Amino acid sequence: MPQPDLEKKTVLTLGQKKARGEKITAVTAYDYPTARLASLAGIDLILVGDSLGMVLQGHNNTLKVTMDEMVYHTSLVARAQPRSLLVSDMPYQSFHINPEKSVENACRCVKEGGAEAVKLEGGRKRFKVIEAMLNAEIPVLAHLGLTPQSVHQLGGFKVQGKLHEKAREIFQDALALEKLGVFAIVLESIPQELAQKITDSLSIPTIGIGAGRFCDGQVLVFPDLVGFTNIYLPKFVRQYADTHALWLQALQKYISDVQNGDFPNEEESYHLKRDIEEFLK
Ligand code: KIV
């Protein structure tokens, strides 16, 4: 096992890693214990993703997640004071109205939540908003390819950029986003060859999810990575543990221990002190 890097990670760390040819690691976290784990393990970037709408709240897309929820979950993660760079996702509608309102919302992630950067989905349609956030001193992580907040426009969670025209559009957006000043770009569910071409053409890092192995880094949704649920997972997820089975086993053992009187035992119970016992007589 590699030794975890104990340095505080910043937006600069990611660029330096790319320059050195070192891979960047990222996971989502939505709470304090997960953030502590990710930081302890040496993860470079924690994303408080709006994927929480699906994996925590049980919705079938991310569209219902609110600004208040993102601020709340970001603050739980920030409380762990992770060494990982802490990025908060901008939820649907929080950056679609106008640049002023979008900056206000991004500032909430930083001031109330404790985020060190924000992520937002989309290419050319979002350039004005991204520029406004950068002008407000908020580092921006861009997100191209399958942008889950566009699920209805895309007709489902489908791989993007398989055809030349769309691939070219994603590529041009990536080049323009680097020029705008974003510090990295998430590439989601696009062909590996397109992700490689983008990665090779940029000096800022790419972080892939379902975008193949040539990206500068990878991101996975934490509950998927540890097998917390046993529901459908896309083909790009590698499940590093089956904790669903462990949780289930633990709960079933707890039920039987309570039912047969094995829990709690004497050591797990508090007892009166002798003098108090007398006092109560
Ligand atoms: O919301 C999220 O977790 C994300 C990652 C999958 C990149 O956007």
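Student: What share of the contacts in the protein chain with a separation of 6 or more comes from residues 24 or more positions apart?

Tutor: Those residues account for 59% of such contacts. Contact means heavy atoms within 4.5 Å. Note that this is a predicted model: local features need pLDDT of at least 70, side-chain atom pairs count only at pLDDT 80 or more, and totals for chains, interfaces and linings use all residues. Residues are numbered from 1 along each chain as its sequence is written, and side-chain values use heavy atoms, with hydrogens and water left out.

Student: How many helices and strands are there?

Tutor: The protein chain has 12 helices and eight strands. These are DSSP runs numbered from the N terminus: helices are H or I with at least four residues, strands are E with at least two.

Student: And what percentage of residues is buried?

Tutor: Of the 281 residues, 46% count as buried. Buried means under 20% relative accessible area, exposed over 50%, partly exposed in between, with a 1.4 Å probe and protein chains only.

Student: Take Ser 102. Buried or exposed?

Tutor: Ser 102 is buried, because its relative accessibility is 0%. Ser 102 sits in helix H5, residues 99-113. Leaving out residues up to four places away in sequence, Ser 102 touches Met 90, Ser 94, Phe 95, His 96, Val 129 and Met 133.

Student: Which residues lie nearest the centre of the largest pocket?

Tutor: Met 54, Glu 188, Asp 224, Pro 234 and Phe 236, out of 38 lining residues. Helix H3 (52-55) and strands S4 (117-121), S6 (184-188) and S8 (217-220) each give two or more residues to that lining. By class, the lining has 19 nonpolar, 10 polar and nine charged residues. Ala, Val, Leu, Ile, Met, Phe, Trp, Tyr, Cys and Pro count as nonpolar, Asp, Glu, Lys and Arg as charged, and the others, Gly among them, as polar.

Student: What about the second largest pocket: what volume?

Tutor: About 750 Å³. Its lining has 30 residues, with Gln 218, Leu 220, Leu 225, Arg 238 and Tyr 240 closest to the centre.

Student: How many cavities of 30 Å³ or more?

Tutor: One. Ala 26, Leu 45, Leu 47, Leu 141, Val 186, Ile 207 and Val 219 line the largest cavity. That lining has seven nonpolar, no polar and no charged residues.

Student: Last topic, rings. How many aromatic pairs?

Tutor: Two. Rings of Phe, Tyr and Trp (its six-membered ring) pair if their centres lie within 6.5 Å; planes under 30 degrees apart count as stacked, over 60 as edge-to-face and the rest as tilted.

Student: Why is the pair of Phe 228 and Trp 247 called edge-to-face?

Tutor: Because their planes are at 80°, with centres 5.7 Å apart. Phe 228 lies in the loop between helix H10 (222-225) and helix H11 (243-259), and Trp 247 in helix H11, so the pair ties together parts 19 residues apart in sequence.

Student: Which is the other pair?

Tutor: Tyr 254 and Phe 263, also edge-to-face, at 6.0 Å centre to centre and 65° between the planes.

Technical notes. 1 Å grid on protein atoms, 1.4 Å probe; cavity = no way out; pocket = protein on both sides within 12 Å on 5 of 7 lines; lining within 4 Å. Points joined across faces, edges and corners; volume = space filled by probe spheres on them.
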